[in-house]
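Visitor: Could you take me on a close look at one pair of packed helices, and then carry on to another helix from there?

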Amino acid sequence: MQKHDYDLITIGAGSGGVRATRMAGGYGARVAIAEEGRVGGTCVLRGCVPKKLLIYGAHFAEDFEDAAGYGWTVGPTSFDWAALIAAKNRELDRLEGVYGTILNGNSVGLLRGRAVLIDPHTVEIDGKSHSAEKILVACGGWPTMPQIPGIEHVITSNEALDLPELPKRIVVVGGGYIAVEFAGIFNALGADVTIIIRAPEILRGFDEDVRETLSSEMEKKGITIRRETTVEAIEKAGGDYVVALSSGEKITAGQVMYATGRAPNTAGMGLAEVGVQMNSKGAIAVDEWSRSSVPSIFALGDCTDRVNLTPVAINEGRAFAETQFNDNAIKMAYDNIPSAVFSQPPIGTVGLTEEEARARGPIDVYVSRFKPMKHTLSGRDETILMKLVVDGQTDRVLGCHMVGVDAPEIVQGLGVALKCGATKAQFDATVGIHPTAAEEFVTMRDKR
């Protein structure tokens, strides 16, 4: 007789939870996944996918303008926000169906409702208890906002993806990747955008050249960046909102969006009550095998606050399933993880920033700035930045950074090179593809 209802119950049907659970099911484990909302999680429903679709839509504004330089006459154009949102929602419905098919195909039971831990092997959902030998928490994160007067009037990235109409003017509070991505979307589609940040520059934690280049490009596109400024209060005034700033100035906007951070979505799950250790942000403390302080309870993805990226959660899920259900012990490696910011223009980055590398020892830095070939005819004032950070003693490339069209696509390939420990000499020995922007990464010869 089986001791538990399942071998594994996963809480949260996002990318990481689905990967871990469907792989465990594929290896023959009795598995179920608990989800109180739609299957797909932040990335598919409230993050990467819908945001990228909106970015594609926003780019047509510049594409129409650039076409004239290539001999095209583009007639009057108009944009329908509601049509874009409807098309985006149809795609999300399709993807949710795909996720459901994947779960069914791997014999994963779907437990609908909010799961709360009762003991190290039991979760309760809508008053019914379900037990498992192992429990995996993959509940993701959620936007956080400061407690200031009028905060109830603002939206987050969740609501921004489903606004009934495009605001004529929007204030975006925050300087992280979510803030700059949505600022780019709204600006390209015709909104007047102001970003408000406490810091001297956007994208804290990124390479300084990358930060400065992107902010300059955003300002050239008409986005206002208010640095070293905070919001004191927000008041509703008719159909608009008045934002009071620390400088004493007031800004009126049709929407105010906060993108000032996210926190693990772990509140009210009974984790602390069953002995799971968490930090001050509510993140679950785990070891290199994603095991919590309770031996039967594991966690992965944003709720652990390690590296909060969808592909990282997916790989953590794979490592968990292989280790626990396929007798193939795998640890997730957190070095040289490529990432992107889908700003306008976008960023691709992998490895160490110049500042991080300098703290470790002597380095060589190679930087190239140039106008993309496309804009020699379009006339658009846009600059690409490419940067290599190289160990001064071993010649190993420690970091690759790019701001410009196709940066994420280009840097993905460079991520393989850094994983393999490529040296600057090997970059130099690689033949570039001409004419491309990417070839600049193998032709940079002059140190800064």
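Guide: Helices here are DSSP runs of H or I with at least four residues, strands are E runs of at least two, and both are numbered from the N terminus. This is a predicted model, in which local features need pLDDT of at least 70 and side-chain atom pairs count only at pLDDT 80 or more, while totals for chains, interfaces and linings use all residues. Residues are numbered from 1 along each chain as its sequence is written, and side-chain values use heavy atoms, leaving out hydrogens and water.

H3 covers residues 48-67 and H4 residues 81-105; their axes lie 10 Å apart at an angle of about 145 degrees (lines fitted to C-alpha atoms over the stretch in contact, with angles from 0 to 180 degrees between N-to-C directions). From H3, Val49, Pro50, Leu53 and Leu54 meet Trp81, Leu84, Ile85, Lys88, Glu91, Leu92 and Leu95 of H4, where contact means heavy atoms within 4.5 Å. These residues divide into nine nonpolar, no polar and two charged (Ala, Val, Leu, Ile, Met, Phe, Trp, Tyr, Cys and Pro are nonpolar; Asp, Glu, Lys and Arg charged; the others, Gly among them, polar).

Now to helix H8, residues 310-325. Its buried residues include Val312, Phe320 and Phe325 (under 20% relative accessible area; exposed is over 50%, partly exposed in between, with a 1.4 Å probe and protein chains only). Among the elements covering the buried residues of H8 are helix H1 and strand E6. Just after H8, Asp327 takes a positive phi of about 50 degrees.
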